[in-house]
Amino acid sequence: MELNIDSELCIKCGECVKDCPYRILEMVDGYPAVNSEREEQCIGCQHCFAICKPGALSIFGLNPEKSLPLKGGFPEADKMKTLMMGRRSVRRYRQEPVDSELLADIFETVRMAPTGMNRRTTVLTVVDDLSVMDELRTRTYRGLRQAIEDGNLPDDMSFFEGFSKAYEENGIDVLFRGAPHFLVTSAPKDNRSGVTDGIIALSYFELLAASNGLGAVWDGLAKWALIAVAPEALELLGLPDNHEPVYAMAFGRPAVKYHRTVQRPGGAVRKVRL
């Protein structure tokens, strides 16, 4: 764990010990220390690292000075509320790539999204090249056409035939919505929280993308097509062999502008009473 305590900075508050989820730390002679009998249970959450106000604690060789300070850094609640209520499923995009540095910055944040037991096995596979996106689109519709001609289209996916016709006759891309980029999350098949982890990562991505002026759409249609109808197109993404796709998202710079939040019906909040 490489726990190091700067005795000159440590105020002996014990907050790191109190906040350790698995009681890996204990106070010894007034300073936090690792309980050797429990060290192997550490999940690397870094709560101890984050909670140390003076930055006296280092773990895993990390430098507290390289972390972002939280004070004054969170968005105002009303702006966060507007972001969450104002995000839209974007289905019209500019045919231009998103700046690579912006994408790198977004994904650096998204890869740190929470995961079950902090396993951190989620893989973000992104199509950030327009030519690769065109190839993915071509292969998917080609596979769709082949499945239709061979009579291999699943009965509950007969609607894909209409999508194929719209693309072939009018260039209408229902599956990817003409987006310049595509994102798939995947996780090891034996990770019980893998599906949830992948959805959390996409949720983080969508909100951060929206705050940077990008648009995205949860792309279940493309996911179903790639998995059930055109697996040869899925191979282009090169997902790890032991992974299963979780979900997909098409994204890019929107060619549409929305001006207000919507007022949705449905959904429920229940309060439990004894």
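**Ground rules**

I am working on a predicted model, where local features need pLDDT of at least 70, side-chain atom pairs count only at pLDDT 80 or more, and totals for chains, interfaces and linings use all residues. Residues are numbered from 1 along each chain as its sequence is written, and side-chain values use heavy atoms, with hydrogens and water left out.

**Entry 1**

I started with Arg120, which sits in the loop between H4 and S5. Its phi is near 60°, a positive value in a residue other than glycine. I then looked up how open Arg120 is; for that, buried means under 20% relative accessible area, exposed means over 50%, and partly exposed is in between (1.4 Å probe, protein chains only). Arg120 has 34%, so I put it down as partly exposed.

I found Arg23 in the loop between helix H1 (15–19) and strand S2 (25–28). Arg23 is exposed, at a relative accessible area of 55%.

**Entry 2: the sheet**

Next I traced the sheet, counting two strands as paired if DSSP finds at least two bridges between them. I get an open sheet of four strands in the order S5-S6-S8-S7, with antiparallel pairing. S5 (123–127) and S7 (215–218) are at the edges with a single partner strand each, so one side of each has no neighbour in the sheet. The twist averages 25° from one strand to the next; axes are lines fitted to C-alpha atoms, for helices over the stretch in contact, and angles run from 0 to 180 degrees between N-to-C directions.

I went through the pairings one by one:

- S5 and S6 run antiparallel and are joined by five bridges; Val127 has Phe182 as its bridge partner in S6.
- S6 and S8 are antiparallel over eight bridges, with His181 opposite Phe251 in S8.
- S7 and S8 (residues 243–252) are antiparallel too, with four bridges; Gly215 has Gly252 as its bridge partner in S8.

How many residues of S6 are buried? I noted eight of its eight, so the strand is mostly covered.

Helix H4 (residues 100–110) lies across S5, S6 (181–188) and S8, and runs at about 160° to S5.

**Entry 3: rings**

I searched the whole structure for aromatic pairs and got eight. The rings of Phe, Tyr and Trp (its six-membered ring) pair if their centres lie within 6.5 Å; planes under 30 degrees apart are stacked, over 60 edge-to-face, and the rest tilted.

One of the pairs is Trp218 with Tyr247, tilted, at 5.9 Å centre to centre and 55° between the planes. This pair links distant parts of the chain, with Trp218 in strand S7 and Tyr247 in strand S8, 29 residues apart. Trp218 is partly exposed at 27% relative accessible area, and Tyr247 is partly exposed at 22%.

Phe107, Phe205 and Phe251 are linked by ring pairs into a cluster. I followed up Phe205, which is in helix H7 (residues 194–211). Is Phe205 buried or exposed? Phe205 is buried, at 0% relative accessibility. Leaving out residues up to four places away in sequence, Phe205 touches Ile106, Phe107, Val110, Leu183, Met249 and Phe251, where contact means heavy atoms within 4.5 Å.

I looked for a charge over a ring as well, meaning NZ of Lys or CZ of Arg within 6 Å of the ring centre and within 35 degrees of the ring normal. Arg88 lies over the face of Tyr258, at 5.8 Å from the ring centre.

**Entry 4: around S4**

Ser58 is in strand S4 (residues 57–58) and counts as buried at 14% relative accessibility. Its side chain reaches the backbone oxygen of Leu62 at 2.5 Å. I count a polar contact as a pair of N or O atoms within 3.5 Å; within protein, one must be able to donate a hydrogen and the other to accept it, and residues adjacent in sequence count only if both atoms are side-chain atoms. Ser58 also touches Glu2, Leu3, Asn4 and Phe49, not counting residues up to four places away in sequence.

Last, I looked up Pro54, in the loop between helix H2 (47–51) and S4. Pro54 is partly exposed at 31% relative accessibility.

How values were computed. Helix = DSSP H or I, 4+ residues; strand = E, 2+ residues; numbered from the N terminus.
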